[in-house]
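Hi,

Here is the structure I said I would pass on. Could you have a look at it alongside my notes?

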Amino acid sequence: MKEGSIADFRAWLREQGLDACLITQPYNRSYLSGWLESDPEAAWLLISQELCLLITTTLYREAAEKEAVGCQVLVPERREFSEAVAAQARQYSWQRLGFEAGALSYSSYARLYRAGEGCYSLQPLESTIVDRLRQVKSVQELERLRKAAAITDETFAHLRSWLHPGLTEREVQWEIIRTMIALGADGPAFEPIVAAGPHGSMPHARASGRPIEAGELITIDMGARYQGYCADMTRTVCLGEPREERMRTLYQAVLEAMRTCEQGLRAGLSGRQADALARDVLARYGLADYYIHSTGHGVGLEIHEEPLLSQRAPEDALLPAGAVVTVEPGVYIPGWSGLRIEDSLLLLEDGAEVLTHSPLDLIISQ
(Lines give C-alpha, C1' and ligand atoms only; values in the text may rest on other atoms or scores of the structure.)
Protein backbone atom coordinates (compact mmCIF):
# COMPACT_ATOMS: atom_id res chain seq x y z
CA MET A 1 0.00 0.00 0.00
CA LYS A 2 1.31 3.44 -0.88
CA GLU A 3 0.75 5.50 2.25
CA GLY A 4 1.08 8.87 0.53
CA SER A 5 -1.18 7.93 -2.36
CA ILE A 6 -3.81 6.47 -0.01
CA ALA A 7 -3.77 9.72 1.99
CA ASP A 8 -4.24 11.72 -1.22
CA PHE A 9 -7.04 9.40 -2.24
CA ARG A 10 -8.85 9.81 1.08
CA ALA A 11 -8.57 13.59 0.84
CA TRP A 12 -10.06 13.35 -2.65
CA LEU A 13 -12.92 11.19 -1.29
CA ARG A 14 -13.81 13.96 1.17
CA GLU A 15 -13.74 16.56 -1.62
CA GLN A 16 -16.09 14.42 -3.70
CA GLY A 17 -18.47 13.82 -0.80
CA LEU A 18 -17.99 10.06 -1.09
CA ASP A 19 -17.97 7.70 1.87
CA ALA A 20 -15.96 5.07 0.01
CA CYS A 21 -14.80 4.14 -3.46
CA LEU A 22 -14.40 0.83 -5.24
CA ILE A 23 -11.27 0.43 -7.39
CA THR A 24 -11.61 -2.31 -10.00
CA GLN A 25 -9.25 -1.11 -12.76
CA PRO A 26 -6.39 -3.60 -12.20
CA TYR A 27 -3.50 -1.15 -12.60
CA ASN A 28 -5.14 1.44 -10.36
CA ARG A 29 -5.65 -1.37 -7.84
CA SER A 30 -1.96 -2.33 -8.15
CA TYR A 31 -0.85 1.28 -7.81
CA LEU A 32 -2.73 1.85 -4.56
CA SER A 33 -2.30 -1.56 -2.94
CA GLY A 34 1.22 -2.47 -4.08
CA TRP A 35 0.00 -5.89 -5.28
CA LEU A 36 1.08 -6.29 -8.91
CA GLU A 37 -1.74 -8.38 -10.36
CA SER A 38 -3.21 -7.53 -13.76
CA ASP A 39 -6.18 -9.96 -13.74
CA PRO A 40 -9.24 -7.67 -13.55
CA GLU A 41 -11.26 -10.45 -11.90
CA ALA A 42 -8.71 -11.08 -9.16
CA ALA A 43 -9.92 -8.52 -6.63
CA TRP A 44 -11.77 -5.34 -5.79
CA LEU A 45 -10.09 -2.67 -3.71
CA LEU A 46 -12.39 -0.79 -1.34
CA ILE A 47 -11.10 2.42 0.22
CA SER A 48 -12.78 4.64 2.80
CA GLN A 49 -11.59 6.84 5.63
CA GLU A 50 -11.75 3.79 7.91
CA LEU A 51 -10.23 1.02 5.83
CA CYS A 52 -8.31 -0.16 2.79
CA LEU A 53 -9.80 -3.55 1.99
CA LEU A 54 -8.72 -5.94 -0.73
CA ILE A 55 -11.55 -8.35 -1.55
CA THR A 56 -10.25 -11.37 -3.41
CA THR A 57 -10.54 -15.14 -3.78
CA THR A 58 -8.68 -18.09 -2.31
CA LEU A 59 -6.69 -18.26 -5.55
CA TYR A 60 -5.01 -14.96 -4.78
CA ARG A 61 -5.12 -14.78 -0.96
CA GLU A 62 -1.47 -15.68 -0.32
CA ALA A 63 -0.06 -13.34 -2.98
CA ALA A 64 -2.32 -10.49 -1.87
CA GLU A 65 -1.38 -10.89 1.78
CA LYS A 66 2.34 -10.84 0.91
CA GLU A 67 2.33 -7.89 -1.48
CA ALA A 68 -0.57 -5.66 -0.45
CA VAL A 69 1.18 -4.58 2.72
CA GLY A 70 -1.04 -2.38 4.84
CA CYS A 71 -4.27 -3.53 3.19
CA GLN A 72 -6.72 -5.83 4.92
CA VAL A 73 -7.38 -8.90 2.76
CA LEU A 74 -10.86 -10.40 2.77
CA VAL A 75 -11.91 -13.63 1.03
CA PRO A 76 -15.74 -13.82 1.02
CA GLU A 77 -17.54 -17.12 0.77
CA ARG A 78 -18.92 -17.98 -2.70
CA ARG A 79 -16.74 -15.20 -4.15
CA GLU A 80 -19.59 -12.70 -3.67
CA PHE A 81 -17.61 -9.48 -3.75
CA SER A 82 -20.78 -7.36 -3.89
CA GLU A 83 -22.14 -8.76 -0.66
CA ALA A 84 -18.80 -8.14 1.04
CA VAL A 85 -18.91 -4.49 -0.06
CA ALA A 86 -22.50 -4.12 1.16
CA ALA A 87 -21.60 -5.63 4.53
CA GLN A 88 -18.85 -3.04 4.99
CA ALA A 89 -21.22 -0.26 3.94
CA ARG A 90 -23.78 -1.28 6.55
CA GLN A 91 -21.13 -1.59 9.26
CA TYR A 92 -19.81 1.92 8.62
CA SER A 93 -23.12 3.52 7.55
CA TRP A 94 -21.88 4.56 4.13
CA GLN A 95 -24.41 6.29 1.93
CA ARG A 96 -22.45 7.27 -1.20
CA LEU A 97 -20.18 4.70 -2.84
CA GLY A 98 -18.13 5.67 -5.90
CA PHE A 99 -16.98 3.22 -8.55
CA GLU A 100 -14.88 3.38 -11.73
CA ALA A 101 -17.51 3.45 -14.46
CA GLY A 102 -15.13 2.20 -17.15
CA ALA A 103 -13.85 -0.74 -15.14
CA LEU A 104 -16.96 -2.47 -13.80
CA SER A 105 -19.09 -4.76 -15.94
CA TYR A 106 -22.83 -4.20 -16.07
CA SER A 107 -23.49 -7.54 -14.37
CA SER A 108 -21.13 -6.62 -11.51
CA TYR A 109 -22.79 -3.22 -11.25
CA ALA A 110 -26.20 -4.87 -11.07
CA ARG A 111 -25.10 -7.20 -8.26
CA LEU A 112 -23.50 -4.31 -6.40
CA TYR A 113 -26.70 -2.29 -6.76
CA ARG A 114 -28.92 -5.09 -5.49
CA ALA A 115 -26.62 -5.88 -2.56
CA GLY A 116 -26.71 -2.27 -1.37
CA GLU A 117 -30.40 -1.45 -1.89
CA GLY A 118 -31.62 0.70 0.97
CA CYS A 119 -28.05 1.30 2.15
CA TYR A 120 -26.00 3.27 -0.39
CA SER A 121 -26.28 4.98 -3.73
CA LEU A 122 -23.72 4.21 -6.42
CA GLN A 123 -21.80 7.13 -7.95
CA PRO A 124 -20.22 6.37 -11.36
CA LEU A 125 -16.85 8.06 -11.90
CA GLU A 126 -15.30 8.60 -15.31
CA SER A 127 -11.94 9.14 -13.62
CA THR A 128 -10.49 9.40 -10.12
CA ILE A 129 -7.47 11.06 -8.60
CA VAL A 130 -5.55 7.81 -9.21
CA ASP A 131 -5.37 8.58 -12.92
CA ARG A 132 -3.60 11.85 -12.08
CA LEU A 133 -1.39 10.40 -9.33
CA ARG A 134 -0.12 7.66 -11.62
CA GLN A 135 1.20 10.18 -14.14
CA VAL A 136 3.96 11.45 -11.83
CA LYS A 137 6.42 8.69 -11.00
CA SER A 138 8.01 8.15 -7.59
CA VAL A 139 11.71 7.49 -7.11
CA GLN A 140 11.03 3.74 -6.86
CA GLU A 141 8.87 3.75 -9.98
CA LEU A 142 11.57 5.61 -11.92
CA GLU A 143 14.19 3.06 -10.84
CA ARG A 144 12.03 0.28 -12.26
CA LEU A 145 11.29 2.20 -15.47
CA ARG A 146 15.01 2.90 -15.99
CA LYS A 147 15.80 -0.79 -15.50
CA ALA A 148 13.08 -1.77 -17.97
CA ALA A 149 14.56 0.68 -20.50
CA ALA A 150 18.07 -0.67 -19.91
CA ILE A 151 16.94 -4.26 -20.55
CA THR A 152 15.22 -3.08 -23.72
CA ASP A 153 18.41 -1.38 -24.91
CA GLU A 154 20.47 -4.47 -24.13
CA THR A 155 18.00 -6.66 -26.00
CA PHE A 156 18.24 -4.42 -29.05
CA ALA A 157 22.05 -4.49 -28.88
CA HIS A 158 21.86 -8.28 -29.06
CA LEU A 159 19.44 -8.11 -32.00
CA ARG A 160 21.76 -5.86 -34.01
CA SER A 161 24.44 -8.56 -34.00
CA TRP A 162 22.01 -11.47 -34.34
CA LEU A 163 19.67 -10.34 -37.13
CA HIS A 164 20.25 -11.65 -40.63
CA PRO A 165 18.20 -12.08 -43.80
CA GLY A 166 16.03 -15.21 -43.87
CA LEU A 167 14.82 -15.01 -40.28
CA THR A 168 11.07 -14.72 -40.04
CA GLU A 169 9.34 -11.89 -38.21
CA ARG A 170 8.04 -14.42 -35.70
CA GLU A 171 11.52 -15.81 -35.03
CA VAL A 172 12.75 -12.28 -34.30
CA GLN A 173 9.77 -11.70 -32.01
CA TRP A 174 10.56 -14.82 -29.99
CA GLU A 175 14.24 -13.88 -29.75
CA ILE A 176 13.21 -10.53 -28.29
CA ILE A 177 11.05 -12.19 -25.65
CA ARG A 178 13.68 -14.83 -24.83
CA THR A 179 16.44 -12.24 -24.47
CA MET A 180 14.40 -9.90 -22.27
CA ILE A 181 13.58 -12.69 -19.84
CA ALA A 182 17.20 -13.89 -19.83
CA LEU A 183 18.22 -10.34 -18.90
CA GLY A 184 15.93 -10.27 -15.87
CA ALA A 185 12.66 -8.85 -17.22
CA ASP A 186 9.28 -10.11 -16.01
CA GLY A 187 8.64 -10.54 -19.73
CA PRO A 188 7.75 -8.21 -22.58
CA ALA A 189 5.58 -5.21 -21.72
CA PHE A 190 3.53 -6.05 -24.81
CA GLU A 191 3.71 -8.41 -27.77
CA PRO A 192 6.75 -7.17 -29.71
CA ILE A 193 6.03 -5.82 -33.18
CA VAL A 194 8.34 -6.98 -35.96
CA ALA A 195 7.11 -5.61 -39.29
CA ALA A 196 9.33 -6.00 -42.33
CA GLY A 197 8.89 -4.78 -45.91
CA PRO A 198 5.22 -4.32 -46.86
CA HIS A 199 4.08 -5.12 -43.31
CA GLY A 200 5.70 -1.89 -42.14
CA SER A 201 2.75 0.13 -43.43
CA MET A 202 0.66 -1.27 -40.54
CA PRO A 203 1.60 0.41 -37.22
CA HIS A 204 0.41 -2.57 -35.17
CA ALA A 205 1.27 -5.35 -37.60
CA ARG A 206 1.43 -8.85 -36.13
CA ALA A 207 4.64 -10.81 -36.62
CA SER A 208 4.26 -13.40 -39.38
CA GLY A 209 6.19 -16.30 -40.88
CA ARG A 210 7.43 -14.10 -43.72
CA PRO A 211 11.26 -14.18 -44.05
CA ILE A 212 13.02 -10.85 -43.66
CA GLU A 213 14.91 -9.71 -46.74
CA ALA A 214 18.06 -7.63 -47.10
CA GLY A 215 17.51 -4.02 -48.09
CA GLU A 216 13.94 -3.66 -46.75
CA LEU A 217 12.75 -1.61 -43.79
CA ILE A 218 12.20 -3.55 -40.54
CA THR A 219 10.25 -1.86 -37.76
CA ILE A 220 10.87 -3.34 -34.31
CA ASP A 221 8.65 -2.02 -31.50
CA MET A 222 9.41 -3.58 -28.13
CA GLY A 223 9.74 -2.98 -24.43
CA ALA A 224 10.61 -4.99 -21.34
CA ARG A 225 8.47 -5.14 -18.21
CA TYR A 226 10.50 -5.01 -15.00
CA GLN A 227 8.87 -5.44 -11.57
CA GLY A 228 5.58 -4.42 -13.13
CA TYR A 229 6.82 -1.35 -15.03
CA CYS A 230 7.05 -0.99 -18.80
CA ALA A 231 9.55 0.30 -21.32
CA ASP A 232 8.62 1.23 -24.88
CA MET A 233 11.01 1.74 -27.77
CA THR A 234 10.94 1.42 -31.56
CA ARG A 235 13.78 1.27 -34.02
CA THR A 236 13.61 0.83 -37.77
CA VAL A 237 16.58 -0.85 -39.41
CA CYS A 238 17.69 -2.17 -42.77
CA LEU A 239 19.94 -5.21 -43.22
CA GLY A 240 22.50 -3.85 -45.65
CA GLU A 241 21.96 -0.93 -48.01
CA PRO A 242 18.33 0.20 -48.51
CA ARG A 243 16.76 -0.88 -51.78
CA GLU A 244 15.32 2.55 -52.51
CA GLU A 245 16.63 6.03 -51.90
CA ARG A 246 13.16 6.95 -50.61
CA MET A 247 13.83 4.79 -47.55
CA ARG A 248 16.74 7.00 -46.52
CA THR A 249 14.75 10.20 -47.20
CA LEU A 250 11.77 9.12 -45.15
CA TYR A 251 13.97 7.82 -42.35
CA GLN A 252 15.73 11.18 -42.04
CA ALA A 253 12.36 13.00 -41.97
CA VAL A 254 11.01 10.78 -39.17
CA LEU A 255 14.29 11.02 -37.24
CA GLU A 256 14.18 14.83 -37.51
CA ALA A 257 10.58 14.80 -36.25
CA MET A 258 11.55 12.69 -33.23
CA ARG A 259 14.61 14.77 -32.36
CA THR A 260 12.73 18.05 -32.76
CA CYS A 261 10.03 16.81 -30.41
CA GLU A 262 12.51 15.48 -27.85
CA GLN A 263 14.47 18.76 -27.86
CA GLY A 264 11.33 20.88 -27.46
CA LEU A 265 9.56 18.68 -24.93
CA ARG A 266 9.15 19.89 -21.33
CA ALA A 267 6.64 19.85 -18.51
CA GLY A 268 3.94 22.48 -18.83
CA LEU A 269 3.31 22.00 -22.54
CA SER A 270 -0.12 20.78 -23.47
CA GLY A 271 -0.46 17.35 -25.00
CA ARG A 272 -1.50 18.99 -28.25
CA GLN A 273 1.56 21.27 -28.30
CA ALA A 274 3.84 18.30 -27.72
CA ASP A 275 2.17 16.37 -30.53
CA ALA A 276 2.64 19.30 -32.90
CA LEU A 277 6.40 19.38 -32.31
CA ALA A 278 6.75 16.16 -34.30
CA ARG A 279 3.71 16.49 -36.55
CA ASP A 280 4.76 19.88 -37.95
CA VAL A 281 8.11 18.48 -39.11
CA LEU A 282 6.48 15.67 -41.05
CA ALA A 283 3.99 18.15 -42.52
CA ARG A 284 6.87 20.22 -43.88
CA TYR A 285 8.08 17.11 -45.70
CA GLY A 286 4.61 16.57 -47.18
CA LEU A 287 4.06 13.49 -45.02
CA ALA A 288 1.16 14.65 -42.82
CA ASP A 289 -1.30 12.26 -44.46
CA TYR A 290 0.98 9.32 -43.67
CA TYR A 291 1.32 10.14 -39.96
CA ILE A 292 -1.79 8.38 -38.71
CA HIS A 293 -1.37 8.18 -34.94
CA SER A 294 -0.54 10.34 -31.96
CA THR A 295 3.02 11.36 -31.13
CA GLY A 296 3.17 9.69 -27.73
CA HIS A 297 1.62 8.45 -24.50
CA GLY A 298 2.48 7.89 -20.89
CA VAL A 299 4.24 4.71 -19.77
CA GLY A 300 4.25 3.11 -16.34
CA LEU A 301 2.33 0.16 -14.96
CA GLU A 302 0.55 0.13 -18.32
CA ILE A 303 2.17 0.42 -21.71
CA HIS A 304 -0.42 3.03 -22.71
CA GLU A 305 -1.51 5.44 -20.02
CA GLU A 306 -1.87 9.18 -19.46
CA PRO A 307 -0.68 11.75 -20.32
CA LEU A 308 -1.26 11.80 -24.06
CA LEU A 309 0.85 13.66 -26.62
CA SER A 310 -1.94 13.87 -29.10
CA GLN A 311 -4.18 16.05 -31.21
CA ARG A 312 -7.02 14.39 -29.27
CA ALA A 313 -5.73 15.41 -25.84
CA PRO A 314 -7.96 17.86 -23.93
CA GLU A 315 -6.89 21.46 -24.56
CA ASP A 316 -6.24 22.10 -20.88
CA ALA A 317 -4.30 18.86 -20.26
CA LEU A 318 -0.74 19.92 -19.41
CA LEU A 319 2.19 17.53 -19.20
CA PRO A 320 3.43 17.16 -15.61
CA ALA A 321 7.07 16.99 -14.52
CA GLY A 322 7.91 13.44 -13.46
CA ALA A 323 5.81 11.73 -16.11
CA VAL A 324 7.42 9.19 -18.43
CA VAL A 325 6.19 9.44 -22.01
CA THR A 326 7.03 8.16 -25.46
CA VAL A 327 7.87 10.15 -28.58
CA GLU A 328 7.17 7.98 -31.62
CA PRO A 329 6.60 9.64 -34.99
CA GLY A 330 6.11 7.37 -37.97
CA VAL A 331 5.19 7.27 -41.62
CA TYR A 332 2.99 4.52 -43.12
CA ILE A 333 2.43 4.21 -46.86
CA PRO A 334 -0.15 1.53 -47.74
CA GLY A 335 1.08 -0.98 -50.28
CA TRP A 336 4.70 0.06 -49.87
CA SER A 337 6.15 0.04 -46.34
CA GLY A 338 6.58 2.29 -43.34
CA LEU A 339 8.74 3.14 -40.38
CA ARG A 340 8.63 4.44 -36.83
CA ILE A 341 11.27 5.61 -34.37
CA GLU A 342 10.52 5.87 -30.65
CA ASP A 343 12.15 6.74 -27.37
CA SER A 344 10.84 6.86 -23.80
CA LEU A 345 11.55 10.08 -21.90
CA LEU A 346 11.23 11.51 -18.39
CA LEU A 347 9.58 14.94 -18.41
CA LEU A 348 11.44 17.65 -16.47
CA GLU A 349 10.54 21.26 -15.70
CA ASP A 350 13.04 22.53 -18.27
CA GLY A 351 13.26 19.67 -20.76
CA ALA A 352 13.20 15.91 -20.98
CA GLU A 353 15.63 13.09 -20.24
CA VAL A 354 15.80 10.30 -22.79
CA LEU A 355 15.62 6.90 -21.06
CA THR A 356 16.19 4.64 -24.07
CA HIS A 357 19.62 4.85 -25.65
CA SER A 358 19.75 2.35 -28.50
CA PRO A 359 21.57 3.42 -31.66
CA LEU A 360 19.58 5.30 -34.29
CA ASP A 361 21.48 4.02 -37.33
CA LEU A 362 19.24 2.88 -40.14
CA ILE A 363 21.70 0.41 -41.63
CA ILE A 364 22.99 -2.76 -39.98
CA SER A 365 26.01 -3.86 -41.99
CA GLN A 366 25.98 -7.47 -43.19
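Below are my notes on one strand and its neighbours, the salt bridges, and one arginine.

First, the ground rules. This is a predicted model, so local features need pLDDT of at least 70 and side-chain atom pairs count only at pLDDT 80 or more, while totals for chains, interfaces and linings use all residues. Residues are numbered from 1 along each chain as its sequence is written, and side-chain values use heavy atoms, with hydrogens and water left out.

Let's start with strand S3, residues 52–56. Helices (H or I, at least four residues) and strands (E, at least two) are DSSP runs, numbered from the N terminus. Five of the five residues in S3 are buried, where buried means under 20% relative accessible area, exposed means over 50%, and partly exposed is in between (1.4 Å probe, protein chains only). In a regular strand, side chains alternate between the two faces of the sheet. Here both faces are covered: Cys-52, Leu-54 and Thr-56 are buried on one side, and Leu-53 and Ile-55 on the other.

S3 has partners too; strands pair if DSSP finds at least two bridges between them. With strand S2 (residues 43–48), S3 pairs in the antiparallel sense over five bridges, and Leu-46 stands opposite Leu-53. S2 and S3 form a hairpin, with three residues between them. With strand S4 (residues 72–74), S3 pairs in the parallel sense over three bridges, and there Leu-54 stands opposite Val-73. S3, helix H3 (residues 61–67) and S4 make a right-handed β-α-β unit; right-handed means that, with the strands pointing away from the viewer, the path from the first strand over the helix to the second runs clockwise.

Now the charges. I count a salt bridge when a side-chain nitrogen of Lys or Arg is within 4 Å of a carboxyl oxygen of Asp or Glu. By this rule the count comes to 20.

- Arg-134 and Glu-302 meet at 2.9 Å, N to O. This pair links distant parts of the chain, 168 residues apart: Arg-134 is in the loop between helix H6 (129–133) and helix H7 (139–162), and Glu-302 is in the loop between strand S13 (296–298) and strand S14 (305–309). Arg-134 is buried, at 7% relative accessible area. Arg-134, Lys-137, Glu-302 and Glu-305 are linked in a network of salt bridges.
- Asp-275 and Arg-279 meet at 2.7 Å, N to O. Both lie in helix H10 (residues 271–284), four residues apart, about one turn of the helix, and both are buried.
- Arg-78 bridges to Glu-83, with the closest N and O atoms 3.4 Å apart. Arg-78 counts as exposed at 63% relative accessibility, and Glu-83 is partly exposed at 43%.

Finally, what does the side chain of Arg-225 reach? Arg-225 sits in strand S10 (residues 224–226). This residue is buried yet has no salt bridge, and the nearest side chain of opposite charge, Asp-186, is 5.4 Å away. (Lys and Arg count as positive, Asp and Glu as negative; His and the chain ends are not counted.) The Arg-225 side chain does reach the backbone oxygen of Gly-228 at 3.1 Å, and one of its polar atoms lies 3.4 Å from the backbone oxygen of Ala-189. Leaving out residues up to four places away in sequence, Arg-225 touches Tyr-27, Ala-185, Asp-186, Gly-187, Pro-188, Ala-189, Cys-230 and Leu-301, with contact meaning heavy atoms within 4.5 Å.

Cheers

Methods: Polar contact = N/O pair within 3.5 Å; in protein donor to acceptor, adjacent residues only side chain to side chain.
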